[in-house]
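Please take a look at the structure shown here. The report that follows goes through parts of it one by one.

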Amino acid sequence: MHNDIAVREDIPLAPYCSLELGGTARFFVSVNDSAELIEAFKWADRKRLRVVILGGGTNLVVADQGFDGLVIKMEMKGVTIKRQGSYTKLTASAGEAWDRLVEFSVREKLAGIECLSGIPGLAGSTVVQNVGAYGQEVSQSVVEVVVVDRRTRRERTLQPLECGFDYRASWFKKNPHSMAIVSVSFALRPDGAATLTYPELISEFRAKSGLPSLLHVREAIIDLRRSKSMLYEIGDENRRSVGSFFCNPILSRQEARKISRFAVERSLIRTEEEIPLYSYDQGRVKLSAAWLIEAAGFSKGYRDGNVGISSRHALALVHHGGGTTSELIDFANLIRRTVKRLFGILLRPEPTFLGFAHDPLVESEAE
Ligand code: NAP
């Protein structure tokens with residue numbers, strides 16, 4: 001079957017990205033199903049063009065010079081729900097808004113993704129990033145990912161082990177041009193209890209008796225995220241961001257001890273126990289990147305021209321309007337260099353970069 005696709009030329013990408021920055025796509029096409037996606041791949045192959053997949057644009061930094069290839073915007077919609085033994089399989093097409101899916105799961109009393117409430121972006125993109133928040137990450141409930149393989153131009157169903165999930169990372173993130181995600185299925189627990197592991201969330205329910213419902217947890221998380229400008233809301237002065245710009249570093253206990261000793265010596269904290277460390281796996285700990293950034297002198301609301309740090313969260317770099325991607329990259333590099341110089345830690349960026357000739361944050365690694 002032949003599917004007509006409407007490829008457009010020279011389309012500005014800034015309106016498709018939460019940062020509202022970046023140049024144009026030389027070619028741009030929206031696709032509504034796998035057949036159109038395969039047509040788009042064939043079209044790009046005939047023209048020997050590079051291809052990128054665009055989801056919600058909420059975790060994307062586009063270069064000022066734009067992208068000299070084909071941008072494929074995922075518009076596939078549809079949600080199905082199916083009881084399978086002890087769990088319920090919830091399947092979402094890649095173009096479904098993530099938070100609407102979470103809202104639906106909570107309404108259906110299906111536990112497993114409620115802590116991921118309020119995260120902007122599309123369902124398909126969550127597996128690329130192995131999105132996580134408040135003690136849950138998608139890899140804990142993903143059971144299947146359907147993709148279109150760029151090389152064979154066929155659909156394939158991947159099992160979770162094939163997705164190479166890691167902390168805010170996956171096989172898809174490391175191999176961005178090989179496959180396009182078409183749908184994702186989650187195994188959710190019917191009438192299951194909400195996950196309550198993060199102190200900030202637990203304290204919301206401390207005074208109340210009984211276990212909170214999924215809906216109450218969702219509402220509490222949305223309120224928490226709103227208080228930190230971590231919802232994408234028109235009118236919020238911090239909205240032009242990609243959420244967290246850096247990942248929390250995972251360190252050996254020995255490295256972490258060195259940093260906490262240094263922080264005490266510099267009076268950044270009073271005792272070593274005050275450092276915001278969380279156990280990650282056997283032998284390794286996770287250190288708050290936001291804390292490192294603030295300790296390096298970049299406090300909330302810090303401004304550098306048209307970019308800066310969110311007034312409500314040190315991990316979000318924001319664009320205030322009228323800026324360029326280079327300004328943002330320079331600022332990110334400044335933070336990275338300063339943290340490296342002070343603490344010996346090179347912060348790993350969280351977003352995806354598009355249209356850059358070289359890794360834009362590589363410059364600070366050389367120092
Ligand atoms: P926070 O309470 O200021 O804590 C800072 C960091 O410490 C968090 O990033 C979190 O790591 C970690 N943490 C806190 N309590 C923990 C616990 N009990 N066990 C393990 N790790 C713990 O957190 P926040 O920055 O406001 O963020 C709250 C949650 O929302 C976090 O899970 C965060 O990842 C998520 N979030 C994500 C984004 C994004 O753009 N990806 C943006 C905003 C918030 P983890 O990040 O590994 O959870």
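This is a predicted model: local features need pLDDT of at least 70, side-chain atom pairs count only at pLDDT 80 or more; totals for chains, interfaces and linings use all residues.

## A four-stranded sheet

Another open sheet has four strands, ordered S1-S2-S5-S3. Here the pairing is mixed. The edges belong to S1 (8-12) and S3 (51-54). Each of these pairs with a single strand, so one side of each has no neighbour in the sheet. From one strand to the next, the twist averages 45°.

S1 pairs with strand S2, residues 24-31, in the antiparallel sense. Four bridges make up this pairing. Ile-11 stands opposite Ala-25 in S2. Helix H1, residues 34-46, packs on this sheet. H1 touches S2, S3 and strand S5 (67-74). The direction of H1 makes about 170° with that of S5.

## The chain as a whole

How many helices and strands does the chain have? There are nine helices and 20 strands. The radius of gyration is 21 Å, close to the 21 Å that the globule rule gives for 367 residues. The chain is therefore as compact as a globular protein of that length. Along the principal axes, the C-alpha atoms fill a box of roughly 70 × 50 × 40 Å.

Buried residues account for 51% of the 367 in the chain. The chain exposes about 17300 Å², and carbon and sulfur atoms supply 48% of that area. Consider contacts between residues at least 6 apart in sequence: 63% of them join residues at least 24 apart.

## Cysteines without disulfides

How many disulfides does a search of the whole structure find? The count is zero. For Cys-17, the closest cysteine sulfur is in Cys-247, 19 Å away, which is too far for a bond. A disulfide would need the two sulfur atoms within 2.5 Å. Cys-247 is in no disulfide either. The cysteine sulfur nearest to that of Cys-247 belongs to Cys-163, 18 Å away.

Are Cys-17 and Cys-247 buried or exposed? Cys-17 has a relative accessible area of 6% and is buried. Cys-247 has 3% relative accessibility and also counts as buried. The cut-off for buried is under 20% relative accessible area.

## A buried loop residue

Where is Leu-231? This residue lies in the loop between helix H6 (214-227) and strand S14 (250-252). With a relative accessible area of 10%, Leu-231 is buried.

Leaving aside residues up to four places away in sequence, Leu-231 touches Gly-118, Ile-222, Arg-225 and Arg-226. Ser-209 is 22 residues from Leu-231 in sequence. In space, the two are 28 Å apart, C-alpha to C-alpha.

Terms used. Residues are numbered from 1 along each chain as its sequence is written. Side-chain values use heavy atoms; hydrogens and water are left out. Helices (H or I, at least four residues) and strands (E, at least two) are DSSP runs, numbered from the N terminus. The radius of gyration is taken over C-alpha atoms; the globule rule is 2.2 Å times the number of residues to the power 0.38. Buried means under 20% relative accessible area, exposed over 50%, partly exposed in between (1.4 Å probe, protein chains only). Contact means heavy atoms within 4.5 Å. Accessible areas come from the Shrake-Rupley method with a 1.4 Å probe; for residues, only the protein chains shown count as cover. Two strands pair if DSSP finds at least two bridges between them. Axes are lines fitted to C-alpha atoms, for helices over the stretch in contact, and angles run from 0 to 180 degrees between N-to-C directions.
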